[in-house]
Amino acid sequence: CKVKKFQNTSFTNILLDPDKMKKIFLKNVVKVSALLASFILSSIYVIKTPVMNFQLIRTETLVTKQHEFKVDAGHNYHEKSSCRRQCTQRINKIYFEHGAAGIGDRLTALHMLAQMAGYLCADLELPPPYIHLNSVHNDGKQISDIIQWQDLRNMTFLPDNAPVFSARKTFEDNFTEWRKVPVYDAEKDYPGWSHIVTQNDGDLLSDYLKVQDLSWAQKKGTKFGFIWEIHQSIYTSSLFDVGPPLPEPSHIVTEGTDFREDMRPYLLSFRHFRPDVIENIGCIYSDDSDKSSVPSHMQIIRNQLVETVKRVTGATLNSVFIYFHIRRGDAKNDCNTTMPAIEEYLSCSLNGTESLGKNLVIMMASDERDASYRKNVLHIGNSFDHVTMIDADNITSMVLTNAVKIEIIPTDMINNYYLFMVQQVLKYEGNLTALVLSKRRTDCKKCLPDLKRRMLSL
């Protein structure tokens, strides 16, 4: 029984009222059954899903993707293919290495690098994810060195669907000196090529202008390209000092080639670092959104996760799914996520939603490893009569464990980063969720008062 709900009610009256007792009993039976079902369904999935082979799944590509993009608040894109520069070959290389960070940070950087690479007729050659991704966000453990960027995001260029990550590898699989500057021995391995290295507090914008002119000067069929090594932060660089879009090339290029102003690449971080930028300007060169660039093995697991959540919660047409992300870890000092703050946030945000007659299923995700904290959050969520809150991380982990058993992925693929990428499907309208609650560094409101109104619009 929920003690909090009885604080202003005579407990004796409840015991004597059969209807109230029945309501409380049925509600708790449903929630306990949901938890038990999560364990039962995991076994069912292992039985029903055939054994697969990770290497075969991994080598499948999604390069036949055909998507229209629309620019919308810097995240969804549509622009005519006519704006793109047409590359007869992609001989040039862009290399990026700068410390380690979370996957959101890295994917944003890779997105911008992919736009520049598409425009510069280059591809990306990167250190593997275990070099780029910080162990802090993986319980202090470095992820496995078998994981490739293609396992996390299947990025391709538009419109030819060529892979963004270079298939022309310079370094052997056992290479370890990824942070060496310079990392390429251009004189030995790429004689005749231009080699530009941007490091420390180098002028990234100036070097971009150099490689832009080099790219436009290349003739069809050339065997000599450029290598651009970047060993510094993109976000704090001079790249965003001017524009958007990025500056056009020299007069020799603009007057002697088929260059057009609308070919220049779009970089989404202009709007983040430049408050004066109020619109998205530039051409999109890569298909790398989370919906359209999912690796084949991850898509299989995402489908299983969606079906598992639906079964565990007994979803009906009357259910409204809400993804609730609580960022703890390194964000504790930036956003108040203590129990009183969480209780206040949920009480305020959910206020009035009970009148809509909907069953709210809140899927909690968090980097918090303290079991008692997670249990307390679930207790707060489940204290509302019209709410069932589940631990999305535990269910996702269960689905991943099953994926290993049936050889969709190897054990080495299980880590917090892969779990995070799989779990993004729970945020999508059309799969489960049309609403998102969050308490994290960049979104730390005390309340979401328009939740009821947003539910009415579903």
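Predicted model: local features only at pLDDT ≥ 70, side-chain atom pairs only at ≥ 80, totals over all residues.

Colleague: Take C83. What does C83 form with C283, and how far apart are their sulfur atoms?

Modeller: C83 and C283 form a disulfide, with 1.9 Å between the sulfur atoms. The angle about the S-S bond is 75°, and the link is right-handed.

Colleague: Where do C83 and C283 lie?

Modeller: C83 is in the loop between helix 3 (54-59) and strand 1 (92-96), and C283 is in the loop between helix 9 (270-273) and strand 6 (286-287), so the pair ties together parts that are 200 residues apart in sequence.

Colleague: Buried or exposed, those two, C83 and C283?

Modeller: C83 and C283 are buried.

Colleague: OK, on to C87. Which cysteine does a disulfide join to C87?

Modeller: C87 is joined to C121, S to S 2.0 Å. This link of C87 and C121 is left-handed, with -85° about the S-S bond. C87 sits in the loop between helix 3 and strand 1, while C121 sits in the loop between helix 4 (103-119) and strand 2 (122-124), so the pair ties together parts 34 residues apart in sequence. Both C87 and C121 are buried.

Colleague: And C348 with C447, what is the S to S distance?

Modeller: The disulfide from C348 to C447 has an S to S distance of 1.9 Å. The link is left-handed, at -85° about the S-S bond. It connects distant parts of the chain, 99 residues apart: C348 is in helix 11 (residues 339-350), and C447 is in the loop between strand 10 (433-439) and helix 15 (451-456).

Colleague: Changing topic. Where does L113 lie?

Modeller: L113 lies in helix 4. L113 is buried, with a relative accessible area of 0%.

Colleague: Which residues does L113 touch, leaving out those up to four places away in sequence?

Modeller: L113 touches I94, F96, L124, I230 and I234.

Colleague: How far apart are the C-alpha atoms of L113 and I234?

Modeller: The separation is 9.2 Å, and L113 and I234 are 121 residues apart along the chain.

Technical notes. Residues numbered from 1 in each chain as written. Heavy atoms only, no water. Disulfide = S-S within 2.5 Å. Helix = DSSP H or I, 4+ residues; strand = E, 2+ residues; numbered from the N terminus. Buried < 20%, exposed > 50% of the residue type's maximum accessible area, 1.4 Å probe, protein only. Contact = heavy atoms within 4.5 Å.
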